[in-house]
Amino acid sequence: MRYSRKMARRLVGKQLDLTSQAPAEHVHDVVHEVVNDIFGMGGNVARQRRPSPSVCFAAECALLDLIAKNRGINVAQLTSSESPVSVERNVFNEPLKKPEGLQSSIAKGKQVSGWLRRGKRISGKDASALVNSLLSSLSERTHDLKGIMLNAGQRWSSEEWSDFCDGVTLTGLAAKQNVAIIVEDPFHEDADAFYQQAFSKMEGTPLRIMLSKPVWGSESISRLAVYLPHVELKIVPQKAGGYHQVLEAEKEAERLGFKGGIYLAGVAGTTNFNSIAMVSLASAMRFNRYFSTSFKKEGKTRLVYPYVKLENNQLQVPEGPGFATNLCRSGVRKRSIELYAFSAEGRTNKREVRKALLDSTYDDRFIDRELAEQERYSYSDIALEATPNSTR
């Protein structure tokens with residue numbers, strides 16, 4: 001949060017080119033100009049600690065929202081080199097947290113579809129047992145399971161990978177049911193010889209490898225050139241360094257022969273606004289094939305309305321310019337009390353900030369719901385109206 005406040009103060013007063021032909025690159029340059037001002041090198045002074053990439057990602061999203069609203073289009077249209085593509089919610093993290101329960105549900109007739117992902121690290125022996133038992137329970141039933149993702153956590157040896165491949169392929173269940181098996185980061189990132197052996201071993205099988213470490217921005221992608229024709233990629237935008245960096249990483253991977261799919265991670269369990277930003281980013285990408293979102297309820301601290309909706313497995317962002325969202329005043333009130341707000345002159349009186357925010361985010365669609373919300377908070381709009389010089 002300290003970095004966010006520094007970033008916000010320095011952004012105030014910066015020139016934003018609303019007519020830029022490369023808006024994602026432009027906002028990236030603006031944000032990193034501020035980063036260099038705050039955290040860069042000055043003379044012989046040692047460089048200070050740089051901000052979290054998630055701060056840059058958030059700042060870029062805010063600036064893209066401003067440009068898109070000015071042009072009357074949404075962020076996906078603004079950042080896409082072609083027409084935005086639809087985004088499918090096809091990765092599910094919950095089922096494999098309790099494999100026994102999933103198999104019991106399958107036996108009772110539960111339909112399984114998309115990609116099932118186990119985020120918790122798993123050994124090669126347990127992974128082959130999990131895959132075979134799950135596919136065995138599905139063998140006599142109709143399903144639309146595309147694949148299974150397993151997190152190896154960079155802990156497997158080459159022998160463990162070989163045993164896993166044999167354990168999965170010899171049964172023939174994955175090939176027969178046309179189910180792909182993706183293993184995330186089986187080896188340590190500097191185990192080049194292990195990866196070359198693994199690529200040879202999995203050729204002609206339904207097995208694939210997904211790399212997530214070190215997959216950050218375009219610089220790390222260029223260092224993975226020898227791997228790219230054989231792997232899938234997992235990219236976390238909040239770690240990649242910004243919205244623009246993800247798009248550049250995809251372009252760089254394609255240039256180096258990448259033919260797989262990208263799993264855009266860092267969505268599940270987050271806020272509604274983050275889901276909107278991530279779906280907008282995914283729709284601007286050509287290789288995004290795996291996507292998950294939890295539709296987490298934000299409760300008292302929710303800030304955004306409307307939110308991403310699911311229609312026939314397709315994620316739909318709100319229609320309208322920018323991210324097409326409005327702030328919920330109850331959420332703004334809670335957040336603005338917790339955080340300091342800043343203007344060009346420095347720190348601003350929090351009471352004045354609340355008044356300005358509540359006024360700027362007022363929307364008729366919130367009237368009925370906000371009347372109910374007022375009962376939950378001691379500070380209400382009625383109290384705000386009673387303040388001197390109040391404006392609505």
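The accessible surface of the chain amounts to about 19900 Å², and carbon and sulfur atoms account for 47% of that area. The model is a predicted one. Of the 392 residues in the chain, 47% are buried. Among contacts between residues at least 6 apart in sequence, 74% join residues that are at least 24 apart.

The secondary structure of the chain consists of 17 helices and 15 strands.

Helix H12 covers residues 243-255. At 1.5 Å a residue, its 13 residues should span 18 Å, and the C-alpha atoms at its ends lie 19 Å apart, which agrees with that expectation. The buried residues of H12 are Tyr-243, His-244, Gln-245, Val-246, Leu-247, Ala-249, Glu-250, Glu-252 and Ala-253. As background to such a list, an α-helix has 3.6 residues a turn, so residues three or four places apart point the same way. After H12 comes Gly-257, which has a positive phi, near 95 degrees.

The sheet is open and contains 3 strands in the order S1-S12-S11, with antiparallel pairing. Strand S1 (87-88) and strand S11 (309-311) form its edges; each has a single partner strand, and therefore one side of each is left without a neighbour in the sheet. The pairing of S11 with strand S12 (residues 314-316) can be followed at residue level: 3 bridges join the two strands, which run antiparallel. Within this pairing, Lys-309 stands opposite Gln-316 in S12.

Technical notes: Residues numbered from 1 in each chain as written. Predicted model: local features only at pLDDT ≥ 70, side-chain atom pairs only at ≥ 80, totals over all residues. Heavy atoms only, no water. Pairing = 2+ DSSP bridges. Helix = DSSP H or I, 4+ residues; strand = E, 2+ residues; numbered from the N terminus. Expected span 1.5 Å × (residues − 1). Buried < 20%, exposed > 50% of the residue type's maximum accessible area, 1.4 Å probe, protein only. Contact = heavy atoms within 4.5 Å. Areas by Shrake-Rupley, 256 points an atom, 1.4 Å probe, with all protein chains shown as cover.
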